[in-house]
Amino acid sequence: MTTALPNTDSDRDRGEIRALAFDAYGTLFDVHSVSSTCRRLFAEQADSIVRLWRQKQLEYTWLSSLMGRYRDFWWVTERGLRYALAAVGVAAKPEAVEEAMAAYLTLDAYPDVAEALASLGDRRLAILSNGSPRMLRAAVESAGLGDHFEHVISAETAQVFKPSPRFYRLGPETLGLDAPWQLGFVSSNAWDVAGAKAYGFWTCWVKRREAPAEALDLSPDLEVGNLRQLAYNLGSP
Ligand code: LAC
């Protein structure tokens with residue numbers, strides 16, 4: 001079901017969206033697709049590891065931004081994995097850590113992504129992601145999505161992660177837009193949607209799993225179950 005949520009700011013008319021920027025991990029790419037590699041490496045502990053890994057990866061982005069100690073997303077992701085392994089009591093060999101990390105470079109795209117991007121093809125599309133340029137390049141190439149995006153904007157350029165406005169700012173800047181609300185930002189991560197909304201983007205929350213919205217006064221402009229519904233809602237530019 002698609003739910004268009006009320007937009008309280010009359011300036012932010014959907015018709016004014018000049019470009020769309022997508023979050024990468026969890027929105028285009030399924031971070032849980034590392035599960036099969038993790039099951040082979042860590043057996044019955046794999047599911048807990050994968051869940052904790054993602055959680056810690058995100059926490060470390062927030063911590064590093066708040067501390068003003070930027071380390072790239074590859075580093076943060078590896079440290080998240082090390083934490084998850086320690087938390088469940090798995091003493092992994094360095095080769096196993098390397099193999100699990102390598103799985104992050106070839107994540108599956110969600111099944112709705114290619115079709116939705118193709119039907120949004122008349123629009124200017126970008127990725128705006130915490131990922132390091134190398135990680136994003138690898139994931140985009142491995143999923144065969146390279147042709148769709150005019151820009152892949154990485155936190156590396158801002159040296160700070162979401163939800164810092166210093167990073168979101170690069171979206172409209174890179175795309176040459178006059179105002180933040182001319183950028184439609186699409187993410188499955190509710191906290192990322194709230195951050196983008198706070199910055200001033202038009203926002204779409206892709207609710208890929210059952211979870212409540214963030215209890216903040218920053219509601220998305222549109223809520224959809226998948227990216228096909230986004231394309232349907234936006235229609236032609
Ligand atoms: C990203 C993380 C937040 O791609 O999923 O930026």
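The model is predicted: local features need pLDDT of at least 70, side-chain atom pairs count only at pLDDT 80 or more, and totals for chains, interfaces and linings use all residues. Residues are numbered from 1 along each chain as its sequence is written, and side-chain values use heavy atoms, with hydrogens and water left out. The space taken by the ligand is the largest cavity. A molecule sits in a cavity or pocket if more than half of its atoms lie within 2 Å of its grid points.

**Ligand site**

- Asp-23, Ala-24, Tyr-25, Arg-54, Ser-129, Asn-130, Lys-162, Asn-189 and Trp-191 surround the ligand; near means a heavy atom within 4 Å.
- This shell splits into 3 nonpolar, 3 polar and 3 charged residues.
- Here Ala, Val, Leu, Ile, Met, Phe, Trp, Tyr, Cys and Pro count as nonpolar, Asp, Glu, Lys and Arg as charged, and the others, Gly among them, as polar.
- Tyr-25 places a backbone N or O atom 2.8 Å from an oxygen atom of the ligand.
- Ser-129 has a side-chain N or O atom 2.8 Å from a ligand oxygen atom.
- For Asn-189, a side-chain N or O atom is 3.4 Å from an oxygen atom of the ligand.
- The protein covers 100% of the 220 Å² of accessible area that the ligand has on its own, by the Shrake-Rupley method with a 1.4 Å probe.

**Cavities**

- Rolling a probe the size of a water molecule over the atoms shows where empty space is left.
- The search uses a 1 Å grid over the protein atoms alone; a cavity is a set of points where a 1.4 Å probe fits but cannot get out, and lining residues have an atom within 4 Å of a point.
- Across the whole structure, 2 cavities of 30 Å³ or more are found.
- A volume is the space filled by probe spheres set on the points, which are joined across faces, edges and corners.
- The largest cavity holds about 50 Å³ of space.
- Its lining is Asp-23, Tyr-25, Arg-54, Leu-58, Phe-73, Ser-129, Asn-130, Asn-189 and Trp-191.
- That lining has 4 nonpolar, 3 polar and 2 charged residues.
- The second largest cavity holds about 30 Å³.
- Val-31, Val-34, Val-50, Trp-53, Arg-54 and Tyr-104 line the second largest cavity, giving 5 nonpolar, no polar and 1 charged residue.

**Largest pocket**

- A pocket is an open set of points with protein on both sides within 12 Å along at least five of seven lines.
- The largest pocket has a volume of about 540 Å³.
- It is lined by 21 residues, with Arg-54, Leu-58, Ser-188, Asn-189 and Arg-209 nearest its centre.
- Helix H2 (46-67), helix H10 (190-199) and strand S6 (202-206) each give two or more residues to this lining.
- Helices (H or I, at least four residues) and strands (E, at least two) are DSSP runs, numbered from the N terminus.
- H2 gives the largest share, 5 residues.
- The pocket lining divides into 10 nonpolar, 5 polar and 6 charged residues.

**Backbone features**

- The peptide bond from Lys-162 to Pro-163 is cis, with omega near 5 degrees.
- Pro-163 lies in the loop between helix H7 (155-158) and helix H8 (165-168).
- Ala-43 has phi near 50 degrees, a positive value in a residue other than glycine.
- Ala-43 is in the loop between helix H1 (35-42) and H2.

Key: A polar contact is a pair of N or O atoms within 3.5 Å; within protein, one must be able to donate a hydrogen and the other to accept it, and residues adjacent in sequence count only if both atoms are side-chain atoms.
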